[in-house]
Amino acid sequence: MFKIIERTVLSANEFQILLAAPRIAMKAQPGQFIILRINEYGERIPLTICEADVAAGTLRIIFQVIGKSTAELAQVKVGSALLDVVGPLGKPTVIKHYGTVLLVGGGVGIAALFPIIKGLKQAGNHVITIIGAKTAGLLILQEECAHYSDELILVTDDGSVGYHGLVTEPMKKVLQRGGIAVAWAIGPSMMMKYCTQVAMQFNVPIYVSLNPIMVDGTGMCGGCRVMINDQIKFACVDGPEFLGANVDWNSFIQRMHQYHPEEVAAYQAYQVR
């Protein structure tokens, strides 16, 4: 049922698949995600919907190989089918006319940011986008982001393209101009934490997309719990988008590393099979 239509290698460890899922494509909105399983022995993998094509009935999914399950997904061949796909999950981004908006994406988080960029531009906003990666070869979706942005700023850690440094540095310069109504940041947890701190310095509300450990995606297991304004919330049903200023970043980052030794061991065992 969930057939792989296309498979593209974007970089050494980033991949894109075009997945047949017409019923999900009909309902998917920016900010939402799916949970897929490759086969009956597979782990449930949550992945943000980069783009949904209602006419074609397809979902565009971009992911990074970070462990055993995503490594297996990267090897799925065109024409084969995934066992199951659940979605769209999570609350969608509130897309409306805000005025001038700032969007910051890092690494594979750019894929999750792109549908928000597109939606906000189509809603008539003036869109300023900053996207960053470690090096030029890992900077994805440049053309697509440029198409829906009034201004696009590229950033790389090594200076191989665009601004040399971290995304928070050009972010400060944009915010210093004034006039930003609202911002979004999606990427590694530490990046989102520091983007939040920068936005708060300028009294600009900023939304982040949290990606904690998930299992069922319906709020039943509690695995994706996060602390928001000193209250427990579930990222899968209450999020994944939250105001960055309300996130308990220390507990979130700590939980993100909770099973790191087991994840490393599973990936190493998979690589030597």
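Strand β1 (residues 2-9) and strand β2 (residues 14-20) pair in the antiparallel sense over five bridges, where strands are DSSP runs of E with at least two residues, helices are DSSP runs of H or I with at least four residues, and both are numbered from the N terminus. Two strands count as paired if DSSP finds at least two bridges between them, and within this pair Val-9 has Phe-15 of β2 as its bridge partner. The model is a predicted one, in which local features need pLDDT of at least 70 and side-chain atom pairs count only at pLDDT 80 or more, while totals for chains, interfaces and linings use all residues. Residues are numbered from 1 along each chain as its sequence is written, and side-chain values use heavy atoms, with hydrogens and water left out.

Both β1 and β2 belong to an open sheet of seven strands, in the order β6-β1-β2-β5-β4-β3-β7, whose pairing is antiparallel. At the edges stand β6 (81-82) and β7 (84-89), each with a single partner strand, so that one side of each is left without a neighbour in the sheet. Helix α3 (residues 109-122) packs on this sheet and touches β4 (45-53) and β5 (58-64), with contact meaning heavy atoms within 4.5 Å, and the direction of α3 makes about 35° with that of β4. Axes are lines fitted to C-alpha atoms, for helices over the stretch in contact, and angles run from 0 to 180 degrees between N-to-C directions.

The whole structure contains seven salt bridges.

A further open sheet of seven strands has mixed pairing and the order β11-β10-β9-β8-β12-β13-β16. Its edges are formed by β11 (163-164) and β16, each of which has a single partner strand, so one side of each is left without a neighbour in the sheet. Strand β13 (residues 206-209) pairs with β16 in the antiparallel sense over three bridges, and the bridge partner of Val-208 in β16 is Phe-242. Helix α6 lies across β8 (100-106), β12 (180-186) and β13, and runs at about 175° to β13.

Helix α6 (residues 189-201) also packs with helix α5 (residues 168-177), at an angle of about 20° and with the axes 10 Å apart. The two helices are therefore roughly parallel to each other, a class that covers angles under 35 degrees. The contact is made by Thr-168, Met-171, Lys-172 and Leu-175 of α5 and by Tyr-194, Cys-195, Val-198 and Ala-199 of α6.

The peptide bond from Gly-87 to Pro-88 is cis, with omega near -5°, and Pro-88 is found in strand β7. The bond from Gly-239 to Pro-240 is cis, with omega near 15°.

Conventions. Parallel < 35°, antiparallel > 145°, perpendicular 65-115°, else oblique. Salt bridge = Lys/Arg side-chain N within 4 Å of Asp/Glu carboxyl O.
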